[in-house]
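Please go through the model below with its strands and charged side chains in mind.

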Amino acid sequence: LVGKLDIMWLSNFGEKGRLQSSQLQRLIQPQGELVVTIVNMPHIITSNTQFQIVLRLRNTTDRKYNLHLTLNQLQESGLVWVGDIRKTLGELLPSSHLDINLDILPVKSGVWDIGGIAIENVLTNKKLVTRPLDKF
């Protein structure tokens with residue numbers, strides 16, 4: 001619940017005006033326990049030229065995580081992950097975030113999703129496979 005909008009004015013002829021709204025509500029988007037976003041990515045990307053993105057993993061819970069990252073190559077994608085495709089990210093404390101640098105090589109021209117990212121909480125063996133993060 002956000003509140004109510006109440007606008008009052010005085011016209012050029014001295015008449016009072018008033019506008020009231022009903023209670024305003026804001027829908028809160030449900031977030032997962034671990035929110036994955038791209039925080040940095042080049043504006044211009046050319047085919048066959050490696051580039052780097054920065055992913056931010058945000059722990060929205062009150063529990064700590066011990067994370068392991070796996071980058072899966074997508075069959076239909078024109079993108080190839082460069083470097084280690086399995087990484088131990090370590091501990092992610094409650095209400096904190098971790099930034100990860102990932103290198104990508106576009107091998108085909110076109111518009112592609114950045115996807116194929118799987119994150120596992122080693123403490124609970126719970127796997128989170130992210131949906132495609134962005135198109136470029």
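**Strands and salt bridges**

At 48% relative accessibility, Glu91 counts as partly exposed, a class that lies between buried (under 20% relative accessible area) and exposed (over 50%), with a 1.4 Å probe and protein chains only. This is a predicted model, in which local features need pLDDT of at least 70 and side-chain atom pairs count only at pLDDT 80 or more, while totals for chains, interfaces and linings use all residues. Residues are numbered from 1 along each chain as its sequence is written, and side-chain values use heavy atoms, with hydrogens and water left out.

The side chain of Glu91 meets that of Lys64 in a salt bridge, at 3.0 Å from N to O. Glu91 belongs to strand 7 (residues 86–92) and Lys64 to the loop between strand 4 (51–59) and strand 5 (65–71), so the contact ties together parts that are 27 residues apart in sequence. Lys64 is also partly exposed, at 43%. A salt bridge here is a side-chain nitrogen of Lys or Arg within 4 Å of a carboxyl oxygen of Asp or Glu; by this rule the count comes to five. Strands are DSSP runs (E, at least two residues), numbered from the N terminus.

Another salt bridge joins Lys126 and Glu33, with the closest N and O atoms 3.6 Å apart. Since Lys126 lies in strand 10 (residues 126–129) and Glu33 in the loop between strand 2 and strand 3 (34–40), the pair connects parts 93 residues apart in sequence. Lys126 has 40% relative accessibility and is partly exposed; Glu33, at 29%, is partly exposed too. Together with Arg63, these two residues are linked in a network of salt bridges.

Turn now to the start of the chain. Strand 1 and strand 2 (residues 16–20) pair in the antiparallel sense over five bridges, where pairing requires that DSSP finds at least two bridges between two strands. Met8 has Arg18 of strand 2 as its bridge partner. Five residues separate the strands of this hairpin, and in it Gly14 takes a positive phi near 85°.

Arg18 also takes part in a salt bridge with Asp6, the closest N and O atoms being 2.8 Å apart. That pair runs from Asp6 in strand 1 to Arg18 in strand 2, 12 residues apart. Asp6 is partly exposed, with a relative accessible area of 37%.

Which residue of strand 1 (residues 6–10) is considered next? Trp9 is found in that strand, and at 45% relative accessibility Trp9 is partly exposed.

Methods: Helices (H or I, at least four residues) and strands (E, at least two) are DSSP runs, numbered from the N terminus.
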